[in-house]
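Visitor: Hi, I've got a structure open and I'd like someone to walk me through it. Can we start with what a salt bridge is?

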Amino acid sequence: MVRALMAGEPWAAAAVWNAHAPKVFRIVARVLGPGADAEDVTQEVFVRVFSRVSGLRDPDALGSFVFSVTVRLLKWELRRRRVRRILQLADTAELPEQAVEPADSEAREALGRLYAILDTLSADDRTAFVLRHMEGMSLPEIAEATGSSLATVKRRLSRATERVSSQVEKDMSLAAYCMRGEARDDA
């Protein structure tokens, strides 16, 4: 498939998209949070993959290549968002009020509060946290995906987890929501 993609075969781009786009979209949506332009970022990932695939040395490493492009683009997007917030080029980090079903409003509010906490992390720390706690990736997988050493991933994850935990504990509503979730998990 990679050789066909490098040769410009029309079917190869569609095959690569179909094989990898669902995972890329899921990761992008989780890292950037609700209301993000996950579809646009996913498309940008594949624009970059298709334009850079000729530099791929090992055709068997296409999945890792797609994932590394995804992680690099997400880190860039998170940094861009932080700069826009600092320079006040965008609205506050607060999510807009949305009409939702009553049963779902509490979960949406908790998710919004969690992403507000994630917005306080550096791009590297946030990426490590999301890949570990939301995607369930192992530490070696995160290290490979981010191009970091295992020790660096452990430091980033420890720092991010400590900060998120501390912020969750300080947020009474989010802490109460998490406690209810743990109680349901224990049942």
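Predicted model: local features only at pLDDT ≥ 70, side-chain atom pairs only at ≥ 80, totals over all residues.

Visitor: Okay, how far apart are N and O in the salt bridge of Asp 119 and Arg 126?

Guide: The side chains of Asp 119 and Arg 126 come to 2.6 Å, N to O.

Visitor: And are those two buried or exposed?

Guide: Asp 119 is buried, and Arg 126 is buried as well.

Visitor: How many salt bridges are there by that rule?

Guide: The count is 10. One of them joins the side chains of Arg 30 and Glu 135, at 2.9 Å from N to O. Arg 30 sits in helix H2 (residues 10-32) and Glu 135 in the loop between helix H6 (123-133) and H7, so this pair ties together parts that are 105 residues apart in sequence.

Visitor: What about the accessibility of Arg 30 and Glu 135?

Guide: Arg 30 has 31% relative accessibility, so it counts as partly exposed. Glu 135 has 16%, so it counts as buried.

Visitor: Which residue does Glu 44 form a salt bridge with?

Guide: Its partner is Arg 48, with the closest N and O atoms 3.0 Å apart. Glu 44 and Arg 48 are four residues apart in helix H3 (residues 38-52), so about one helical turn separates them. Glu 44, at 32% relative accessibility, counts as partly exposed, and Arg 48, at 24%, counts as partly exposed too.

Visitor: Which residues are linked in a network of salt bridges?

Guide: Lys 75, Arg 79, Asp 124 and Arg 156.

Visitor: Switching topic: how many helices and strands does the protein have?

Guide: Nine helices and zero strands. The protein has 187 residues, and 37% of them count as buried. For contacts with a separation of 6 or more, 63% are between residues 24 or more positions apart.

Visitor: Let's zoom in on H7. Which of its residues are buried?

Guide: In helix H7 (residues 139-146), the buried ones are Leu 139, Ile 142, Ala 143, Ala 145 and Thr 146. Looking down the axis of H7, these buried residues fall within an arc of 165°, so they line one face of the helix.

Visitor: And what's on the other side of H7?

Guide: Pro 140 and Glu 144 are there, and they are exposed. After H7 comes Gly 147, with a positive phi near 70°.

Visitor: How does H7 pack with H8?

Guide: Two packed helices are described by the angle between their axes and the distance between the axes. For H7 and helix H8 (residues 150-170), the angle is about 105° and the axes are 9 Å apart. The two helices are therefore roughly perpendicular to each other.

Visitor: Which residues make the contact?

Guide: From H7 you have Leu 139, Pro 140, Ile 142, Ala 143 and Thr 146, and from H8 Leu 150, Val 153, Lys 154 and Leu 157. These divide into seven nonpolar, one polar and one charged.

Visitor: Leu 139 again! What is it in contact with, leaving aside neighbours within four places in sequence?

Guide: Arg 132, Leu 150, Val 153, Lys 154 and Leu 157. Take Val 153: it is 14 residues from Leu 139 along the chain, and their C-alpha atoms are separated by 6.9 Å.

Definitions and conventions. Residues numbered from 1 in each chain as written. Heavy atoms only, no water. Buried < 20%, exposed > 50% of the residue type's maximum accessible area, 1.4 Å probe, protein only. Arc of directions from axis to C-beta. Contact = heavy atoms within 4.5 Å. Salt bridge = Lys/Arg side-chain N within 4 Å of Asp/Glu carboxyl O. Axes fitted to C-alpha atoms, helices over the stretch in contact; angles between N-to-C directions. Parallel < 35°, antiparallel > 145°, perpendicular 65-115°, else oblique. Nonpolar A, V, L, I, M, F, W, Y, C, P; charged D, E, K, R; others polar.
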